[in-house]
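Here are a few notes to read alongside the model. Have it open while you go through them.

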Amino acid sequence: MSVDEKTVRHIARLARIAVTEEELAPLAKEVSSILDWVEQLGEVETDHVAPMTSVVEMEMKMREDIVAHENLQDQVTRNAPLSEDGFFTVPKVVE
Amino acid sequence: MTDLTKLTIADARKGLAAGEFTAVELTQAHVNAAEAASKLNSYVTLTPEKALAMAKHSDEKLSNGTAGPLEGIPLGIKDLFCTEGVRTTACSNILDDFTPTYESTVTAQLWRDGAVMIGKLNNDEFAMGSSNETSRFGPVINPWKASGDEADLVPGGSSGGSSAAVAAHLALGATATDTGGSIRQPAAFTGTVGLKPTYGRCSRWGIVAFASSLDQAGPITRSVRDAAIMLGSMAGHDVKDTTSVDIAVPDYEAALTGDIRGLKVGIPKEYRVDGMPAEIEKLWTDGIDWLKSAGAEIVDVSLPHTKYALPAYYIVAPAEASSNLARYDGVRYGLRVPGKDITDMYEKTRAAGFGDEVRRRILIGTYVLSAGYYDAYYIKAQKIRTLIAQDFAEAYKKVDVLLTPTAPSPAFAVGAKTDDPLSMYLNDVFTVPVNLAGLPGISLPAGLSAEGLPLGLQLIGRTFDEETLLRAAGVLEEAAGFTAEPSTWWRA
């Protein structure tokens with residue numbers, strides 16, 4: 001098994017998803033079975049292959065660095081679960 | 001009056017132009033059909049008032065000679081497309097009752113051209129799934145049933161609401177998105193036509209992101225011509241999506257010449273996988289014969305890295321998803337679960353908001369991108385992707401399009417594969433390579449299985465050559481002569 005319970009706890013923490021102790025073992029099994037299956041990619045010799053960066057060849061487009069939309073505070077915060085005076089509110093971050 | 005829900009988009013357009021019926025009548029017929037089909041669970045939000053207001057406006061434009069190319073055509077919209085003032089959830093609890101203050105570019109273009117919105121369509125949560133069983137609103141039920149069997153079947157996924165609604169005549173067409181097969185596989189499972197355009201052909205702006213280097217919007221319709229009509233409105237450059245291409249949108253309908261004499265059609269030998277049902281082999285052979293009789297030249301080709309496409313996809317797609325879905329943090333929109341500090345709030349919100357399949361993919365994506373594993377998994381997968389794209393490029397030196405089956409089986413029963421993610425992933429074995437290489441692909445219904453369920457054939461085209469793809473698909477459609485319809489058991 002490529003991923004143990006400790007690793008699942010670590011990646012869940014990185015992904016900011018709470019998982020309970022009871023969920024760790026089944027998740028380790030599920031994630032491992034998928035990772036074990038993708039191991040077959042190791043059969044392919046890729047030392048001299050460039051990784052794909054863009055699926056369709058195109059040049060990165062440039063635009064003028066100007067403000068196109070402004071004063072959208074109301075629209076931007078309208079769907080916020082909690083906001084005040086046009087700002088998002090979050091639990092205290094700095095002690 | 002004839003049943004207006006039986007029309008194709010092309011026929012409805014003619015009827016509206018000739019004044020045989022009004023856009024309001026056409027829309028009302030579809031609203032009624034959709035309201036009577038709650039058993040299918042294909043719509044998650046119906047917008048009848050908006051639909052009728054849009055239809056009324058279309059009738060004015062039809063009468064004063066300013067009608068657009070889709071004037072008065074009722075469509076369903078996958079709930080992954082942001083629609084201004086209409087709840088958009090990606091069928092995830094984490095988006096709660098998110099109501100966009102803006103419109104996705106693709107839907108804005110459809111409304112610009114006169115289309116009418118019937119409602120928002122169910123899909124797998126964040127488009128992650130191949131059976132439309134991971135939606136927060138519950139599974140969509142396929143209008144089709146196996147002969148002599150009452151069991152509910154899946155409509156494919158992730159665009160299962162789109163495919164079911166079009167197959168059941170609850171819209172003349174629907175928008176859909178395809179990251180690994182999510183337009184084509186549900187089309188195959190429901191006897192409809194599903195077109196995934198080339199990556200960059202349609203703007204992704206305002207579509208809830210899953211895997212940004214793979215996602216592409218396209219139509220699900222009941223004919224190849226209808227797919228061409230819808231694509232003409234959906235496609236086009238958008239300054240708000242830097243990956244959308246700045247090339248002219250051709251007249252896709254004009255590409256349907258019906259003439260494929262001399263067209264070179266490749267048959268990739270690697271798609272003849274072990275355990276493929278005989279009826280799908282037979283369908284593929286029929287497809288080859290039909291194209292040959294129409295004057296195409298059949299060429300055997302090899303795509304040697306095909307078997308590695310699916311495992312590469314299950315690294316790339318979760319990696320991109322884990323990054324894209326980082327934005328759901330309980331701060332700016334959607335669900336928030338309070339916590340003792342900000343991290344606790346994030347973790348509780350995301351635990352409550354994401355379903356099992358989405359959580360699984362975020363964890364895999366986070367793992368393959370984490371320190372020490374990035375090269376072994378992510379870079380390795382992107383190298384495989386280069387090889388897969390090269391395989392196609394080699395094949396296209398010899399052929400113009402490729403013909404394959406769309407899916408390895410017909411629709412299966414609800415619940416049949418939900419306990420085994422890997423067996424679910426295998427549904428996309430024939431569609432995923434196309435996304436990894438950014439190519440256009442189309443699925444069209446070509447026959448019925450022994451149990452009377454629709455089976456699809458897939459054509460794959462060259463980058464930005466949807467015209468040749470549609471031309472070949474039109475001929476294949478004509479030859480297949482697929483006219484079967486599901487019985488209307490769901491009607492209330």
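1. Start with helix 1 (residues 5-14) and helix 2 (residues 21-38) of chain A: their axes come within 9 Å and cross at roughly 90°. Axes here are lines fitted to C-alpha atoms over the stretch in contact, with angles from 0 to 180 degrees between N-to-C directions. Helices are DSSP runs (H or I, at least four residues) and strands are E runs of at least two, numbered from the N terminus.

2. A caveat: this is a predicted model, so local features need pLDDT of at least 70 and side-chain atom pairs count only at 80 or more, while totals for chains, interfaces and linings use all residues. Residues are numbered from 1 along each chain as written, and chains are lettered from A and ligands numbered from 1 in the order written.

3. On the helix 1 side of chain A, the contact uses A:E5, A:V8 and A:R9, and helix 2 of chain A brings A:L24, A:A25, A:L27, A:A28 and A:V31. Contact means C-beta atoms, placed from the backbone, within 7 Å.

4. Now chain B: B:I267 sits in strand 7 (residues 264-268). B:I267 is partly exposed, with 19 other C-beta atoms within 10 Å (20 or more is buried, 12 or fewer exposed, partly exposed in between). Leaving out residues up to four places away in sequence, B:I267 touches B:I288, B:I298, B:D300, B:V301 and B:L403.

Key:
Two residues are in contact if their C-beta atoms, placed from the backbone, lie within 7 Å.
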